[in-house]
Amino acid sequence: MDTESTHSGYSYHSSRSGRSNRHGDRSRERHKVSSSKDSSRSERSVVINPPDLPSQDSPVHNDEPLPGDPSPAADHGEEAQDDNWGETTTAVTGTSELSVSQEEVVGLGKEIQDRTQSFRRYLPVVVGSCVGLLVLATPLVFLLLPVVMWSDRLQTCGAACEGLFLSISFKILMLLVAIWALFLRPGQACLPRVCVYRAFLTTLTLLLTMSYWLFYGVRILDAQDEDYHGIVQFAVSLVDSQLFVHYLAVVLLELRHLRPCYSVCVIRSTDGEMRHYNMGQLSIQRAALSILEYYYRDFPLHNPALLSASKHRAAKHLAGLKVYNVDAPGSTAAAQASDGNQSRATVTPATKRKDNAHNELYYEEADYERRVRKRRARLVVAVEEAFTHVRRMKKEDENATPSDIMDIREAALAIFPSMARALQKYLRTTKRQHCHSMESIQKHLAFCLVNNMSPKAFLEAYLAPGPTLQYGPERWMADQWTLISEASVTSGIKDGSEFLLKCLDFSLAITVKSIPYISLTEEYIDPKSHKFILLLQSETSV
């Protein structure tokens with residue numbers, strides 16, 4: 001084996017004795033090409049060998065070039081480098097005492113993301129609480145500072161002033177309840193941008209409060225005004241202004257979007273499930289939040305297992321296609337001509353299979369519906385027999401002693417095995433076995449027995465796919481959404497707006513259309529126009 005050598009990969013049909021001569025000719029031609037630029041190089045195909053294998057153009061012997069062959073440095077010069085230098089170069093670096101695994105890095109990033117989401121979730125509540133405390137404390141401070149600083153020079157407060165105390169007390173109480181109801185509610189979602197109306201109302205409230213503070217500091221604190229009745233009226237005017245700002249907040253945040261102006265079409269990308277909703281004047285991010293609330297309520301649970309049938313048919317169609325590699329070394333015209341009959345024989349069944357694709361789809365769907373009806377019938381019979389057995393045992397328990405009476409959960413566990421096999425087969429046929437666990441089925445069965453429900457009421461949760469909120473959060477498969485929109489998410493929706501809500505497994509495509517302007521006209525009909533006279537002839541045929 002020591003006398004063997006590795007030769008180049010060019011095709012040849014000569015004997016072993018003629019290979020060395022041809023190898024010498026190729027070596028001389030290589031010297032000529034390296035010394036001068038030859039136009040024939042562009043017409044020649046180049047084969048790049050892996051870096052760990054010896055070059056095919058230069059034979060080696062015991063990992064060393066044979067005598068008389070040029071070295072790679074002489075052929076290509078000092079500037080020539082290996083094409084795979086980034087993969088074959090070894091870099092020597094120093095060692096570090098601190099090592100972090102990939103799992104720790106991922107966990108650190110997830111922890112930072114969770115903290116950021118928690119911060120963004122509670123930030124509006126904290127800001128609203130601070131602004132609310134400032135709004136509620138400012139009128140009280142206006143009333144207390146004169147009493148604390150120059151109480152000996154203040155004028156007495158009469159009946160009218162005391163009545164203002166009563167008025168400002170109830171106004172502050174109503175303002176406290178209004179702020180709690182509108183601004184201190186827990187957030188339902190974490191939006192990508194700040195709500196424009198909330199930021200505007202917060203800025204307006206701060207500007208109003210600061211303006212009153214400036215006026216109070218210049219005209220009352222510096223001058224030490226002795227008219228306490230006027231100071232109380234000033235505080236009442238501040239509370240009135242804050243109540244009007246809160247009314248403006250109710251109009252902008254709660255009432256403006258109630259009147260429907262747009263029709264929104266929502267399409268799920270995987271199965272084409274479609275719903276239509278009416279919406280008012282909302283920003284894109286607020287509209288996306290409302291659509292997600294409608295989605296969890298109205299859309300059936302996303303089931304990726306139902307999409308495997310179409311993928312199976314596509315794989316069967318691609319299995320009948322034959323692919324040729326025209327750039328392969330052995331793909332010559334003679335080889336392709338010899339395989340002509342085989343390729344035509346392969347294409348012909350593929351064409352027939354393409355023509356019969358609709359028949360395959362028809363029979364496949366018919367067979368699936370037949371199996372579903374069969375499994376459903378067996379399930380209905382099994383559940384009815386189980387419920388009948390429970391009713392019969394319930395009548396027998398009326399005459400039994402209290403110690404022999406079975407608990408509802410025990411009864412559910414006792415009759416569940418009689419229907420478990422039929423229910424499992426039905427869920428597997430409809431590809432919804434991952435949506436229901438054994439514990440949830442037993443809990444639902446116990447609930448139906450406690451409330452004396454019929455077998456049909458029990459089966460309704462399994463015969464048809466329910467909305468997403470009917471199942472647990474672990475079945476939703478969509479807990480984090482990404483809003484994709486060309487327009488700014490803080491801008492309002494308009495006719496022709498399109499945006500995308502994307503999660504891990506699918507996406508929701510939203511298209512907005514404006515509701516047309518409807519013109520109604522009235523047409524008056526004279527009540528006398530409905531009257532008519534019936535003339536009967538005396539001579540009529542019998």
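Student: What makes the charged end of R275 count as sitting over the ring of F299?
Tutor: A charge sits over a ring if NZ of Lys or CZ of Arg is within 6 Å of the ring centre and within 35 degrees of the ring normal. The charged end of R275 is 5.2 Å from the centre of the F299 ring, so the distance meets the limit of 6 Å. R268 likewise lies over the face of F506, at 5.8 Å from the ring centre.
Tutor: This is a predicted model, in which local features need pLDDT of at least 70 and side-chain atom pairs count only at pLDDT 80 or more, while totals for chains, interfaces and linings use all residues. Residues are numbered from 1 along each chain as its sequence is written, and side-chain values use heavy atoms, with hydrogens and water left out.
Student: Why is the aromatic pair of F142 and Y216 called stacked?
Tutor: Rings of Phe, Tyr and Trp (its six-membered ring) pair if their centres lie within 6.5 Å; planes under 30 degrees apart count as stacked, over 60 as edge-to-face and the rest as tilted. F142 and Y216 are 4.2 Å apart centre to centre with 15° between the planes, so they pair and count as stacked.
Student: How many aromatic pairs does the structure hold?
Tutor: The structure holds 17.
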